[in-house]
Each structure stands twice: as structure tokens, then as C-alpha cells.
Amino acid sequence: MNSDSQPSTSQIILVTGPSRSGKSEWAEALARQTGKQVIYVATAETNPDDVEWLARIEKHQQRRPEEWTTLLVPVELSTTIRAYSNSRCCLLVDSLGTWVANLLDQEAEVWQRTLQDLLNSLGQIKGTVIFVAEETGWGVVPAYPVGRLFRDRLGELVRQLGMLAKPTYLVTGGHVLNLSTLGSPLQK
């Protein structure tokens with residue numbers, strides 16, 4: 001789609017919170033409110049042997065309106081954002097935690113390039129991008145190195161996106177908090 005004839009209305013929104021808090025539902029409501037064509041970017045990979053995971057995915061699928069387009073993007077998030085960003089679209093990326101988990105085998109330098117590529121892709125958007133991200137750093141320090149790596153990478157990503165997003169929401173305890181109006185950005 002070519003959107004050169006329409007004004008650019010770019011916006012980055014971040015929805016974060018703990019598991020089962022309603023993050024995805026809030027992000028879906030925000031996507032509907034845009035009035036734009038919604039492209040749901042699912043980062044999860046399916047495993048036919050994991051019945052519980054398949055049930056979670058199905059629950060998400062059942063909530064989505066039929067007119068939404070779904071893209072399965074376990075790795076190439078930056079490329080997808082660049083390819084589908086236009087003023088008539090809202091990309092809903094669910095979830096960043098799953099995307100980070102899909103890339104845990106990347107060496108530190110490769111991960112930093114991947115992260116920077118994602119952040120760079122957001123500087124070029126022409127529509128709305130809504131990210132759903134899990135909060136994993138509020139509890140016990142993971143006992144295993146891969147758990148700590150996941151927590152640290154996701155935490156770094158959420159922090160950097162939180163600085164770009166307007167607004168940033170925290171969904172917890174059955175409430176949605178707009179952190180952009182309630183808080184102050186942390187200076188680097």
C-alpha cells in the first residue's frame with residue numbers, strides 16, 4: 001500500500017505488565033480504537049506437542065475480529081514493521097517476550113544489532129505500532145543463566161521502547177495505568 005497521499009500519523013504504544021494481567025486484551029482494545037486496518041503480528045511459534053500453549057494461542061485467536069490480518073513473525077520483526085508500516089495500518093505485536101525468547105541463542109553482539117535494528121525500524125513508521133511486553137524482572141532472580149539472559153534482554157528492550165512510546169501502559173491488578181501521564185521518564 002502506498003500512503004504518500006495521506007498525512008503521517010505515526011505512534012508507538014507500549015503495553016506491559018505481568019502474566020495474565022490483560023495486556024493483550026488492552027492492546028487489542030487500543031488497536032480497535034485506532035479505526036485503522038489492524039495487522040496482528042504474532043511472535044509465537046506453535047508446537048503441536050504443547051497442548052497448553054496451543055490453548056493460549058487459540059484463546060487469543062478467538063478474541064480477534066475476523067477482519068484483522070494475522071502475520072506469524074517469530075523472528076523478523078524489524079522487517080515486518082518496515083514492510084507493513086503505513087498511515088492506514090495499526091500493527092499489534094504480541095508479544096515481545098516471546099520474540100526475545102525466540103532469539104535467545106543469538107550471541108551478545110548479534111542481539112545488540114537485532115535490538116538496534118528493531119529500534120531503527122520504529123524511527124521509520126508511518127502508522128501505529130502497539131507492542132505487548134511481559135514484565136519479568138519484578139520477582140526472584142532466575143536460577144539459570146538462560147533465565148537471567150531472557151529477563152535482562154527483555155528488560156532492556158522494554159526500557160528502550162518505553163522511552164520511545166507515547167503512551168506506555170502498565171496493566172496490573174485489574175487496572176490499566178497510563179505511565180506516560182503518571183510518571184516521569186528516567187533519564188539515561
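Trainee: Which helix supplies the largest share of the lining of the largest pocket?
Mentor: That is H2, with 7 residues. Keep in mind that this is a predicted model.
Trainee: Which residues are closest to the centre of that largest pocket?
Mentor: Ser-24, Trp-53, Arg-56, His-60 and Asp-94, out of 28 lining residues. The volume of the largest pocket is about 690 Å³.
Trainee: How do the lining residues divide into nonpolar, polar and charged?
Mentor: For the largest pocket, 12 are polar, 9 charged and 7 nonpolar.
Trainee: What about the second largest pocket, how much space lies in there?
Mentor: About 490 Å³. Its lining has 18 residues, and those nearest the centre are Gly-162, Met-163, Thr-168, Leu-179 and Pro-185. Two or more lining residues come from each of E1, H6, strand E6 (168–172) and helix H7 (179–182).
Trainee: Which of those gives the most?
Mentor: H6, with 4 residues. By class, the lining of the second largest pocket has 9 nonpolar, 6 polar and 3 charged residues.
Trainee: Changing topic: which residues touch the most other members in the largest nonpolar core?
Mentor: The core has 30 residues, and that group is Leu-77, Ile-81, Leu-96, Trp-99, Phe-131, Leu-157 and Leu-161. Helix H5 (108–122) is one of the elements that supply at least two residues of this core, and H5 gives the most, with 5.
Trainee: And what is Leu-77 in contact with, leaving aside neighbours within four places in sequence?
Mentor: Val-41, Val-93, Leu-96, Trp-99, Leu-118 and Phe-131. There is also a second, separate core of 15 residues, including Ala-27, Ala-31, Ala-42 and Ile-130.

Methods:
Residues numbered from 1 in each chain as written. Predicted model: local features only at pLDDT ≥ 70, side-chain atom pairs only at ≥ 80, totals over all residues. Heavy atoms only, no water. Core = buried A, V, L, I, M, F, W, Y, C linked by side-chain atoms within 4.5 Å. Buried < 20%, exposed > 50% of the residue type's maximum accessible area, 1.4 Å probe, protein only. Contact = heavy atoms within 4.5 Å. 1 Å grid on protein atoms, 1.4 Å probe; cavity = no way out; pocket = protein on both sides within 12 Å on 5 of 7 lines; lining within 4 Å. Points joined across faces, edges and corners; volume = space filled by probe spheres on them. Nonpolar A, V, L, I, M, F, W, Y, C, P; charged D, E, K, R; others polar.
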